[in-house]
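Thanks for passing this one along.

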Amino acid sequence: MIPYSRQLIDNRDIRNISRTLKKDLVTTGPKIEQFETKIKKFVGAKYAVAVNSATSALHVACIALNLKSGDWLWTSPISFVASANCGLYCGAKIDFVDIDEKSNNISVEKLKKKLIKAKTKKKLPKIVVIVNLAGLPCDLYEIKKLSKIYGFKILEDSSHALGAKYNGKRIGNGKLSDVSVFSFHPVKIITTLEGGVATTNDIKLYKKMQMLRSHGITREKKMFKNRVSGHWYYEQHLLGYNYRMNDVEATLGISQLQKINKFFIKRKKIKKFYDKELRKLPLILPENKRNKISSLHLYIIRLKNSSIYFRNEIIRKLRKKGIGVNIHYIPIHFQPYFRSLGFKKGMFPESEKYYKTAISLPIHPGLKKSDLIKILKVLKNLLKK
Ligand SMILES: *Cc1c(COP(=O)(O)O)cnc(C)c1O
């Protein structure tokens, strides 16, 4: 089966990992900070906190942004459940803002309308988690403007978007959002196996997230509340977690980041092939916008025929031919857990329409030209009838 996405780990990555495995420090050693430095430079942010997953990064970001029980967190229904769960971990209430039919990202228009309504009911969100789906940036400038008017914080779920650019600058640079979160799960742009990072330009958020990833503990003398010292001394100031990344994972991250441009060249080639070859089929292809450069984590096509049975048949037939397509995502409010919180079918029509028609085609640096030709041939056969 040709997977929709897959890690590309080479011998150099393995050699680098083996070196770290022989060191004294294999958990919190020097590699974490090195990796954080490289990531923050890459995205253009002041600070980066590496953790054991993007889910953990979303959680510590929500706490650092002071999300409390009874507050509201809004996000897009078309994302992985983690984009909403981070709010629930903090006891916050969740609501969704429907997507824009062209970008498949949160709709600025619908966000604005919902904010106006929420203001009259005094139910404004504390955080809006925006999701740069497939690696395509959201309308950051417009959302930032709304955040100033309505006073919410912007948390970017950029799990897909490492390397993506908005107005010429990399996603996660901290200028148009409060915190941006990236995932290093094997299917994402680069991998640390499991792993994630939060980037920000706010030193207070940075310090807080750093403490929260390790039990709420600080070892910085300047921060101590008691006048005790000694290399053994530390203080717990917050209720934190063990969300630490380890040095072996960070080593893989550093090694992978060195290859990211090669990865992008491959992804761009695949996108170009699909853009050109699929144009004549009854499909809606990913949106191209001048001020947005996608990291091309996913290549999501939408069928013009909007029957879910048709979509399911296409997926079944593609998989039968060895093409590992997938769907990103089932609307979060369709999940039984979210149904139990009161969400119903019909609440977010554009997301529900998306779900009936979306298919993620294979795109990853290990994909071969012969794979692409096979995918095209099968798709053509299925859609021509
Ligand atoms: C992968 C992903 C996550 C979770 O990432 P982990 O590192 O596996 O915790 C969250 N949100 C989105 C949109 C993702 O694609």
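Predicted model: local features only at pLDDT ≥ 70, side-chain atom pairs only at ≥ 80, totals over all residues.

1. On the overall layout, the chain splits into two parts. Domain 1 takes in 2–98 plus 105–257, and domain 2 runs over 260–384.

2. Now the ligand. Which residues come closest to it? Of the 13 residues around the ligand, the closest are T55, D157, H160, S183 and K188. By type, the shell holds four nonpolar, seven polar and two charged residues.

3. Three of those close residues deserve a look at the atom level. T55 has a side-chain N or O atom 2.6 Å from an oxygen atom of the ligand. S183 also faces a ligand oxygen atom, with a polar side-chain atom 2.8 Å away. D157 instead places a polar side-chain atom 2.7 Å from a ligand nitrogen atom. As for cover, the ligand on its own would expose 380 Å², and the protein buries 92% of that.

4. Next, have a look at the open sheet made of three strands. Their order is β13-β15-β17, and the pairing is antiparallel. The edges are β13 (283–284) and β17 (358–361), each of which pairs on one side only. In general, strands of a sheet pair through backbone hydrogen bonds. Between β13 and β15 (residues 299–303) there are two bridges, and I284 has R302 in β15 as its bridge partner.

5. As background, most peptide bonds are trans, and most residues other than glycine have a negative phi. Where does the cis peptide bond sit? It joins H328 and Y329, with omega at about 10°. Y329 belongs to the loop between β16 (323–324) and α11 (336–339).

6. The other spot is K122. This residue is not a glycine, yet its phi is positive, at about 55°. You'll find K122 in the loop that links α5 (108–120) and β5 (127–131).

Key. Residues numbered from 1 in each chain as written. Heavy atoms only, no water. Pairing = 2+ DSSP bridges. Helix = DSSP H or I, 4+ residues; strand = E, 2+ residues; numbered from the N terminus. Near = heavy atom within 4 Å. Polar contact = N/O pair within 3.5 Å; in protein donor to acceptor, adjacent residues only side chain to side chain. Areas by Shrake-Rupley, 256 points an atom, 1.4 Å probe, with all protein chains shown as cover. Nonpolar A, V, L, I, M, F, W, Y, C, P; charged D, E, K, R; others polar. Domains from an automatic or database assignment.
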